[in-house]
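Here is a short briefing to read alongside the model. Please keep the viewer open as you go.

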Amino acid sequence: MIRIVIAEDQRMLLGALASLLDLEEDMQVVGRAGNGEEAVQLVHQHRPDVCIMDIEMPAKSGLDAAEEMKGLPCKVIILTTFARSGYFERAVKAGVSGYLLKDSPSEELASTIRSVMAGRRIYAADLVDDAYNGGADNPLTQREKEVLGLIADGKNTKEIASELYLTTGTVRNYISVILDKLGVSNRIEAIMRFKEKGWFK
């Protein structure tokens, strides 16, 4: 019997996933968590074979929880709405065994659990394509990331210049390079694009 803990902050979805997996003859849901913190506690408490985890949850995200559980015998499968390459990179580094998107067919979840138990790693195909096509690579240099981070903090060109010991002209140059690299037309879009990709650490 494959013992499973599910972490999902949307209660209706949590109940639906648990019911779905309990219908499988070789699976049993032993714990339900509403956030990453509860998930880690339940994994220590029940010692399940698999933990299925959403990413964006209160108290502790699924990726934070997965990083904390690295090295435990429990295998982690991320089940999320977000096909973000930055999230995917972090999940792979945390050693997760699977990364599925919520719009996958429901029978795919049970077959992924069995595959993971057999020692395989299962990742959503479009994320793997994105990673191999360079989509997972952040195009900004360290300094450009610093500039964008300060923009996201609400700082203007003059404040960024004084914080990084640069001239305002240099900061403006950095900003135009950032917009160009991210393929956007203004600072707000740049921040949105960076967030969408999951590149803000």
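This is a predicted model: local features need pLDDT of at least 70, side-chain atom pairs count only at pLDDT 80 or more; totals for chains, interfaces and linings use all residues.

Residues are numbered from 1 along each chain as its sequence is written, and side-chain values use heavy atoms, with hydrogens and water left out.

**Aromatic pairs**

- Searching the whole structure turns up 2 aromatic pairs (rings of Phe, Tyr and Trp, the last by its six-membered ring, with centres within 6.5 Å; planes under 30 degrees apart are stacked, over 60 edge-to-face, the rest tilted).
- Phe88 pairs edge-to-face with Tyr99, at 5.4 Å centre to centre and 85° between the planes.
- This pair links distant parts of the chain, 11 residues apart: Phe88 sits in helix α4 (residues 85-93) and Tyr99 in strand β5 (residues 98-101). Helices (H or I, at least four residues) and strands (E, at least two) are DSSP runs, numbered from the N terminus.
- Phe88 also forms an edge-to-face pair with Tyr123, at 5.2 Å centre to centre and 80° between the planes.
- Because Phe88 lies in helix α4 and Tyr123 in strand β6 (residues 122-123), that pair ties together parts 35 residues apart in sequence.
- Phe88, Tyr99 and Tyr123 make up one aromatic cluster.
- Phe88 counts as buried at 6% relative accessibility, and Tyr99 is buried too, whereas Tyr123 is partly exposed at 23% (buried is under 20% relative accessible area, exposed over 50%, partly exposed in between, with a 1.4 Å probe and protein chains only).

**Nonpolar cores**

- The largest nonpolar core holds 28 residues, and Tyr99 is among those with the most contacts inside it, as are Cys51, Met69 and Val96 (a core is a set of buried Ala, Val, Leu, Ile, Met, Phe, Trp, Tyr and Cys residues joined through side-chain atoms within 4.5 Å).
- Elements giving two or more residues to this core include β1 (2-7), β3 (50-53), α4 and β5.
- Another core, of 19 residues, lies apart from it and includes Ile4, Ala18, Ala110 and Ile122.
- Beyond its neighbours within four places in sequence, Val96 is in contact (heavy atoms within 4.5 Å) with residues including Ala66, Ile78 and Tyr123.

**Helices α8 and α9**

- Helix α8 (residues 157-164) packs against helix α9 (residues 168-182) at about 105°, with axes 9 Å apart. Axes are lines fitted to C-alpha atoms, for helices over the stretch in contact, and angles run from 0 to 180 degrees between N-to-C directions.
- Thr157, Lys158, Ile160 and Ala161 in α8 meet Thr168, Val171, Arg172 and Ile175 in α9.
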